[in-house]
Amino acid sequence: MGMTSQRTRDRLIERLREQGIRNESVLEVMRSTPRHIFIEEALASRAYEDTALPIGQGQTISQPYIVARMTEALLGEGELPRKVLEVGTGSGYQTAILARLVEQVYSVERIDALMQQARTRFQELGLRNIRLKHSDGNWGWDDYGPYDGIIVTAAPPQVPKPLYDQLSVGGRLVIPVGEQGRQQLLVVTRTHDGYDSKTIDLVSFVPLRGGLG
Ligand code: SAH
């Protein structure tokens with residue numbers, strides 16, 4: 001229990017702050033969302049280390065710092081996004097953080113078993129504003145678009161075109177792009193006449209694959 005206690009979580013939040021995370025709502029939601037329920041029991045004692053961990057099927061739960069950084073970039077400084085699309089539900093941890101900050105989250109995952117596990121966790125946490133789909137996120141999720149924010153938690157070689165199309169004007173897309181092991185974390189903002197793109201970090205995500213798992 002000690003390893004998953006509130007003190008252990010508080011220490012993680014202090015570290016995130018030291019590393020430059022400034023958005024207080026993001027820090028507060030991460031402080032009060034249990035990360036250990038998103039990983040298998042054998043690894044639960046490591047849940048509040050600032051590290052990625054295996055979640056089965058060759059996938060990983062993202063490092064807390066990266067979750068914080070991407071969430072902060074997605075929210076931006078102005079009005080909060082209302083509708084967010086996530087590609088790569090995985091454990092559901094990033095999804096849960098988003099669901100506590102925005103009105104509605106849509107999330108797609110290509111490995112059905114991971115999606116089902118994530119669904120159970122959302123029920124346990126009482127999160128009702130998440131809609132899930134077993135699908136290839138390279139196509140986005142057209143039915144509910146355009147989205148005020150899109151976040152991708154696996155890395156494609158370049159930004160899939162449907163994600164550009166499903167972003168609303170003024171919306172932000174946060175996505176790691178590049179080859180395995182070294183990717184640029186991009187923030188793409190849709191403007192009235194195009195897209196502005198900037199790199200905010202270097203990251204290492206699992207690849208965004210094609211088709212279903
Ligand atoms: N945010 C998740 C990250 C999991 S790793 C977490 O913190 O737990 C990335 C996830 O993206 C994996 O679950 C993987 O199966 C999924 N993924 C990879 N390619 C995909 C695609 N084309 N469409 C949807 N999900 C994809």
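Me: Which residues does Val29 touch, not counting residues up to four places away in sequence?

Reply: This is a predicted model, and contacts are read from heavy atoms within 4.5 Å. Val29 touches Ile97, Arg100 and Leu101 once residues up to four places away in sequence are set aside. Along the chain, Val29 and Ala99 are 70 residues apart, yet their C-alpha atoms are 9.9 Å apart in space.

Me: Is Val29 buried or exposed?

Reply: Buried means under 20% relative accessible area. Val29 has a relative accessible area of 9%, so Val29 is buried. Val29 belongs to helix α2, residues 24-32.

Me: Which residues of α2 are buried?

Reply: An α-helix has 3.6 residues a turn, so residues three or four places apart point the same way. In α2 the buried residues are Val26, Leu27, Val29, Met30 and Arg31. Their cover includes α1 (6-18), α3 (64-75) and α4.

Me: What caps the N-terminal end of α2?

Reply: Here one looks for a polar contact, a pair of N or O atoms within 3.5 Å. Asn23 is the cap: a side-chain oxygen of Asn23 lies 2.9 Å from the backbone nitrogen of Ser25.

Me: Now Thr89. Where is its place, in terms of β3 and α4?

Reply: Thr89 is in the loop between β3 (83-87) and α4 (93-99).

Me: Is Thr89 buried or exposed?

Reply: The cut-off for burial is again under 20% relative accessible area. Thr89 is at 4%, so this loop residue counts as buried. Leaving out residues up to four places away in sequence, Thr89 touches Thr95, Ser107, Val108, Glu109, Ala118, Phe122 and Leu132.

Me: Where does the ligand sit?

Reply: The ligand sits in the largest pocket. The elements that give two or more residues to the shell around the ligand are β2 (59-61) and β4 (104-109). The largest share, three residues, comes from β2.

Me: Of the 25 residues around the ligand, which come nearest?

Reply: Ser91, Glu109, Asp136, Gly137 and Arg209 come nearest. Of these names, Glu109 is also among the residues that Thr89 touches.

Me: Which atoms of Glu109, Gly88 and Arg110 should be read against the ligand?

Reply: Take them one at a time. For Glu109, an N or O atom in the side chain is 2.6 Å from an oxygen atom of the ligand. For Gly88, a polar backbone atom is 3.5 Å from a ligand nitrogen. For Arg110, a backbone N or O atom lies 3.3 Å from a nitrogen atom of the ligand.

Me: How much of the ligand does the protein bury?

Reply: Taken alone, the ligand exposes 570 Å², and the protein buries 99% of that.

Conventions:
Residues numbered from 1 in each chain as written. Predicted model: local features only at pLDDT ≥ 70, side-chain atom pairs only at ≥ 80, totals over all residues. Heavy atoms only, no water. Buried < 20%, exposed > 50% of the residue type's maximum accessible area, 1.4 Å probe, protein only. Near = heavy atom within 4 Å. Polar contact = N/O pair within 3.5 Å; in protein donor to acceptor, adjacent residues only side chain to side chain. Areas by Shrake-Rupley, 256 points an atom, 1.4 Å probe, with all protein chains shown as cover. 1 Å grid on protein atoms, 1.4 Å probe; cavity = no way out; pocket = protein on both sides within 12 Å on 5 of 7 lines; lining within 4 Å. Sits in = over half its atoms within 2 Å of the grid points.
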